[in-house]
Amino acid sequence: MNDTAYFISDVHLRIQVDDIERERRRELFLLMDQIKQEQATLFIIGDWFDFYFEYGYVVTRSYHDVYAKMRELVEAGVKIHYFGGNHDYWLGDFMSHSIGVNIYKQEEIIEFGGKKFYLLHGDGLDPEDVNYRRLQSVIRHPFFIWAFRWIIHPNIGHWVAKWLSQRSRKKYRQESHTHLLNLVRKNYSLAEDKFAEGVDFMITGHIHYPKLKTFEDKIFLTIGDFINYFSYGYFDGVNLSLKQWPVKQLEQRELP
Ligand SMILES: [Mn+2]
């Protein structure tokens, strides 16, 4: 173990595995191999999975290779810290005990390599997004989770998830850079509050728009995604930077 770390978010690993998804996983696993070789720490900043729910004895079969890869890293001594996003908030025992990942359901300040990292996926940060906040309080309510687990058949749960994810994908493609950059900027005042409290780096995801902004010696980073940008945060023990994983057979957008 050393003081280097990778920050990945918004991979949105899909329930439906097609050729593009297989290629995306191949690239992700190469990046994970690099993390393993480097004996770095992996921070997942939410929406690693497009849909994630544990039903006691049952887990989603489309992710079996991903579970195995995560386990491989853990067994090789890599620490994985996994912050739930709006798509994979329902992390449970399987992830923490069977895979051996540290799970976080809320924002957290983590000290690593002598620095303070303020980490969170970043959904629900926009105070104007009243609808989302309302939805969030329903789908994270213990009663909803209980009902989803014990009343709705897992296949139906997954169909609903697939349908919802196709809808949000369509909506996503229509969003302009100006709009996304505005969403990013809304986080700056929170970042500055945290910096005043002694935090060195604030790292989020969710917006799918990679952006690193320096505030004197502090840094705000929103990671981007592993769908269009294949971007990630890298901490070398001293500095935090925004990088891109060079994919071979997939389209890759340049950093904005
Ligand atoms: Mn998200």
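Two strands are said to pair if DSSP finds at least two bridges between them, and the strands themselves (E, at least two residues), like the helices (H or I, at least four residues), are DSSP runs numbered from the N terminus. In this sense Gly 233 stands opposite Leu 242 in strand 11. The structure is a predicted model, in which local features need pLDDT of at least 70 and side-chain atom pairs count only at pLDDT 80 or more, while totals for chains, interfaces and linings use all residues. Residues are numbered from 1 along each chain as its sequence is written, and side-chain values use heavy atoms, with hydrogens and water left out.

Strand 10 (residues 231–235) runs antiparallel to strand 11, and five bridges join them; Phe 235 stands opposite Leu 240 of strand 11. These two strands form a hairpin with four residues between them, and in the turn Gly 237 has a positive phi of about 110 degrees. Both belong to an open sheet of six strands, whose order is 4-3-2-1-10-11 and whose pairing is mixed. At its edges are strand 4 (102–104) and strand 11 (240–244), each of which pairs on one side only. Neighbouring strands of this sheet are turned against each other by 20 degrees on average, direction ignored, where the axes are lines fitted to C-alpha atoms (for helices over the stretch in contact) and angles run from 0 to 180 degrees between N-to-C directions.

Elsewhere in this sheet, strand 1 and strand 2 pair in the parallel sense over four bridges, and Leu 42 in strand 2 is the bridge partner of Tyr 6. Strand 2 is mostly covered, since five of its five residues are buried (buried means under 20% relative accessible area, exposed over 50% and partly exposed in between, with a 1.4 Å probe and protein chains only). In a regular strand the side chains alternate between the two faces of the sheet. Here Thr 41, Phe 43 and Ile 45 point one way from strand 2, Leu 42 and Ile 44 point the other way, and all are buried. Helix 1 (residues 19–38) lies across strand 1 (5–8), strand 2 and strand 10, running at about 160 degrees to strand 1, with contact taken as heavy atoms within 4.5 Å.

A second open sheet has five strands in the order 5-6-7-9-8, again with mixed pairing. Strand 5 (108–112) and strand 8 stand at its edges with a single partner strand each, so one side of each is left without a neighbour in the sheet. The twist from one strand to the next averages 20 degrees. Strand 5 and strand 6 run antiparallel and are joined by five bridges, with Glu 108 opposite Leu 119 in strand 6.

Aromatic rings come next. Rings of Phe, Tyr and Trp (its six-membered ring) pair if their centres lie within 6.5 Å, and planes under 30 degrees apart count as stacked, over 60 as edge-to-face and the rest as tilted; by this rule the count comes to 30 aromatic pairs. One of them is the stacked pair of Phe 49 and Tyr 52, at 5.1 Å centre to centre with 25 degrees between the planes, and both residues are buried. Phe 117 and Phe 235 form an edge-to-face pair, at 5.1 Å centre to centre with 85 degrees between the planes. Because Phe 117 lies in strand 6 (residues 115–119) and Phe 235 in strand 10, this pair ties together parts that are 118 residues apart in sequence. Phe 117 is buried, with a relative accessible area of 0%, and Phe 235 counts as buried at 0% relative accessibility. Ring pairs also link Phe 51, Phe 53, Tyr 55, Tyr 89, Trp 90, Phe 144 and Phe 148 into a cluster.

Phe 148 leads on to helix 5 (residues 142–150), where Ile 145, Ala 147 and Phe 148 are buried. These three cover an arc of only 165 degrees around the axis, which puts them on the same side of helix 5; the arc is that of the directions from the helix axis to the C-beta atoms. The face turned away from this buried side carries the exposed residues Pro 142, Phe 143 and Trp 150.

Finally, the manganese ion has as protein donors Asp 47 (OD), Asn 86 (OD1), His 121 (NE2) and His 206 (ND1), lying 2.0 to 2.3 Å from it. Donors are N, O and S atoms within 2.8 Å of the metal (3.2 Å for Na, K and Ca), and sites may look incomplete because water is not among the atoms. Asp 47 lies in the loop between strand 2 (41–45) and helix 2 (64–75) and His 206 in the loop between strand 7 (201–204) and strand 8 (211–215), so the pair ties together parts that are 159 residues apart in sequence. Asp 47 is buried, with a relative accessible area of 2%, whereas His 206 counts as partly exposed at 24% relative accessibility.
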